[in-house]
Amino acid sequence: MEGKAQARNFTEGRILGPLVRFALPVLAALFLQAMYGAVDLLVVGRFGSPADVSAVSTGSQIMMTLTNLVSSFAMGATILLGQQIGEGNGKKGGETIGTCIVLFGCIGLALTALAVPGAGALAAVMHAPAEAFDLTTAYVRICGAGTLVIIAYNLIGSVFRGIGDSATPLVTVAIACGCNIVGDLLLVAVLRMGTAGAALATVFAQGVSVAVSLLLMRRRQLPFQLKRAHIRFNGPVMGRIARLGLPIALQDLLVGVSFLIIQAIVNALGLIPSAGVGVAEKVCAFIMLVPSSFMQSMSAFVAQNAGAGKYRRAVKALRYGIGLSLCIGVVMCYLSFFRGDMLAGIFSKDADVVLAAADYLKAYGIDCMLTPIFFCFIGFYNGIGMTRFVMLQGIVSAFCVRVPVSWLMSRQQPVSLFRIGLATPCSSTLQIVMCLACMAWAKRNVMLGGDGAPGKL
């Protein structure tokens, strides 16, 4: 596979325009990706029972944790490709991609071996309500069988973003989302397959996306060569990907585990709280789209400038990202805090579930004013290669604040999902403090101050 096209260069010219133009397709792709779980829950909520809603909520939370683990590790490839392009060594991308194929193939096989036979154990760990236990197990088992497809889907998107192309992943995600909607309507609404139908539709849709992505990759011109000889275990390249990606993956895994613990705490309260928090989490997937898109875009933008030693430019991009996403955060804060029932009503027809979800969403309304700040910081630190700090702040905030506060609030009588949800903005506050402190350190030790000055990554 050989191409002559140049990757998008973020190291020259204006900052705001290119950053926004790159972030918009990422935002749209994340929106469509969020539609996967949302459509599953929406259709199941309309044509299924509260047990189906609880099963899809808990099962998708488990699969989201495993998927985030892989996509976070794939960020190592995104950052490495961006840095290679910034250094003027984009042609090394073939070796990077070939190594990723082998590495992530092995990871996919391992996760499949975990998820398929261990689906029941995972549901038990999550304290899935008795009424929804078998349904939760079925959802995890079906999605687990498609782990290789899910991994390929995320890896290909990371490759395109690493070379500065956020439009192609948008196209493939749009196709997959359309397939998922059709599959849900057919299997859940028409054939009444419930939870199993939602899981089958998700795996099938991502399989179609992978096929389309590979076809587009073969036809388009890329700024590197990918040869059969590149698809092998390459120790040095694998080491660089691991050094960049493993801290991000570990951080996201443990943060995901912290949310699984919260879900388990809520599941122990009964079916309605379980379903309510599940609905609220689907709403939150949309609420957090803007800061998430800037986090991913920031990583790609900053990685190229870090490779070129242009740290002042990277810091300016950080400021722009925080300002723009914070403006949207104000709107999301209002909707979550004051109109949570309206948002939750989109996903469930059960009045008790909607009220429970709205109570939980009030806490996320507060978090909407905090997430835009530390998400952009995380993208920045990933881009300059400080992924170990990203791991540290995520783990500390999750297990020193989010989980303990959730547990303590769940013990207060009467139980309030709003108070349990306050654990999230509490942890976000700590993350912002840690990010600001790290910036003071990074300016002295990583960024030497001048555009073009060498950095100590």
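**Close-up views of a predicted helical model**

Residues are numbered from 1 along each chain as its sequence is written, and side-chain values use heavy atoms, with hydrogens and water left out.

**View 1. The fold comprises 18 helices and 0 strands.** Helices (H or I, at least four residues) and strands (E, at least two) are DSSP runs, numbered from the N terminus. Of the 457 residues, 59% are buried, that is, under 20% relative accessible area with a 1.4 Å probe and protein chains only, whereas exposed means over 50% and partly exposed lies in between.

**View 2. Lys-310 and Glu-12 form a salt bridge between their side chains.** The N to O distance is 2.8 Å, where the rule asks for a side-chain nitrogen of Lys or Arg within 4 Å of a carboxyl oxygen of Asp or Glu. Lys-310 lies in the loop between helix 11 (289-307) and helix 12 (311-338), and Glu-12 in the segment before helix 1 (16-47), so that the pair, 298 residues apart, links distant parts of the chain. Lys-310 is buried, because its relative accessible area is 17%.

**View 3. Met-193 is found in the loop between helix 7 (167-190) and helix 8 (194-219).** Met-193 counts as partly exposed, because its relative accessibility is 34%.

Definitions and conventions
This is a predicted model: local features need pLDDT of at least 70, side-chain atom pairs count only at pLDDT 80 or more; totals for chains, interfaces and linings use all residues.
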